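Here is a short report on one protein chain.

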Amino acid sequence: DDALYRRSIRDAILEVIENHPAKPEGRSFFASVPEMVEGYLVSAVLSVHTDVLNSRHRLTSGEVSLHPCRNMPVSRSLIDAAIYELLTEAADGLLVPDPGLRTRSREAEETIRSAGRRLARDTAFRVNRRGIQGVHGFYDACDKISSLKYEQAEGRGRLLLAPKDQEGVRTRLGFKDSVALWNHRRMRKLLELTSEGGLLHTDSEGVFGLVEGNIPADPKETVFEVVFLGHHHWELRHAGELLMGVRFSQPYLPKLVGYESKLRQDLPRIFAGISEDATELLVSLVRQAERERHGTLVVISAEAAAESNRLRNQATPIEPCVLTPELLKHLTGIDGAVLVGTDGFCHAIGVILDGQATEKGDPGRGARFNSAVRYVELAKDRGISTMAVVVSEDGGVDVIPNPRPMIKRSLISDAIAEIEQIVSAAKIPRRRYNDLYDWLLEHRFYLLPDDCERINIAVQEIEKR
């Protein structure tokens, strides 16, 4: 009864915040179950920008019905799960003597690991509310299976996580006796059955057989997919979208790179005269390349036809055709770059790039990134406008070259004028002066020699005062 009462207090706190007229727009609030501190019930409340929560695939429902009188909160994404971990830690901190007096240190990686376990547990609970061992052991089972080899081969395959009686699941091969998911070596062996496109069907405890590869519609959010990508590497997906990746027991989400708006600016700067339609087509191709589950390299060249001919012995030249995102899906599965012209026509696939040694390489990055850097440097020396877009396997996009973003000249002029006005101010506004100085220092690349002279004179006078 006391636990029910405290959960009600938490829900009431969130309801008051949600309906309060002063609630900031664009923010979502989370609260911990309150703990008793010096005679008061105290709850930790955390606020997050809603667009951050929605920047990744996020399930619609955050609750699962246990019975008519109680719903159980469950994580909707890895971000939500991390928030719940932070709130649980904060609530635990209220129980120690003199709460708040000392800092409780916890590594970020540890919090994310706990969040990954929570998300896996909550996902399995959505599917099977009675399978206690399966729910709590689902994360470890997937992690252990991904670490095992079968006849020296890394684990690759797919699991369908769904109720045993899920509608729309078509069985290819049913097991007479279900196999326990925590029988890791046997599961690794059975995973070989999925090499031809099927999935092993599990409810987080038992594995019932091999089913068709088409994943059924999921209005109730009880159908998920686990994809094993290699040694110690697996992903949890829903409706084809990534909920969480796990590599060497560390959950992750691919980096979000806001490259599109900058790419739209950079393409006309590098390729003079490129049309808006061609720009949008190239941006859509990069967007599609980023969605692929493996690394990809797309090279855009102002002399794509000539380069295709020059590199024909280390590439597969093709009859030029407009490269659409749908076509690109079928071209990125082989090693090498896809060579595209500024008009969106593809001229070669599987291109092994040449280049020259350069100090701009990064030994911490892979061969795909460094070969792109070398090729762009060689094209620059030959006077050929070229851009390489590198999509890494871990997510994220690198654009080479990567010009600094354009900013308005008026922003520089206004900042210099304001810092000069501070020289003659009756009282130095220290915080504003420091902000201006830091901003100008951050944007020093854009300053002209006269700008630097004016700033240095003003700074010397202000520092004297």
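Lys and Arg count as positive here, Asp and Glu as negative; His and the chain ends are left out. On that basis the chain carries 61 positive and 68 negative side chains. The centres of the two sets lie 3 Å apart. The model is a predicted one.

**The chain as a whole**

The chain holds 14 helices and 22 strands. Its C-alpha atoms fill a box of roughly 75 × 70 × 35 Å along the principal axes. Among contacts with a separation of 6 or more, 64% join residues 24 or more positions apart.

| Item | Value |
|---|---|
| Buried share of the 465 residues | 43% |

**Helix α14**

Helix α14 covers residues 449-464.

Which residues of α14 are buried? They are D451, I455, A458, V459 and I462. Viewed down the axis of α14, the buried residues fall within an arc of 100 degrees, so they line one face of the helix. That buried set packs against α12 (409-423) and α13 (430-442). The face of α14 turned away from the buried side carries exposed residues: P449, D450, E453, Q460 and K464.

Methods:
Residues numbered from 1 in each chain as written. Predicted model: local features only at pLDDT ≥ 70, side-chain atom pairs only at ≥ 80, totals over all residues. Heavy atoms only, no water. Helix = DSSP H or I, 4+ residues; strand = E, 2+ residues; numbered from the N terminus. Expected span 1.5 Å × (residues − 1). Buried < 20%, exposed > 50% of the residue type's maximum accessible area, 1.4 Å probe, protein only. Arc of directions from axis to C-beta. Contact = heavy atoms within 4.5 Å. Charge placed at Lys NZ, Arg CZ, Asp CG, Glu CD.
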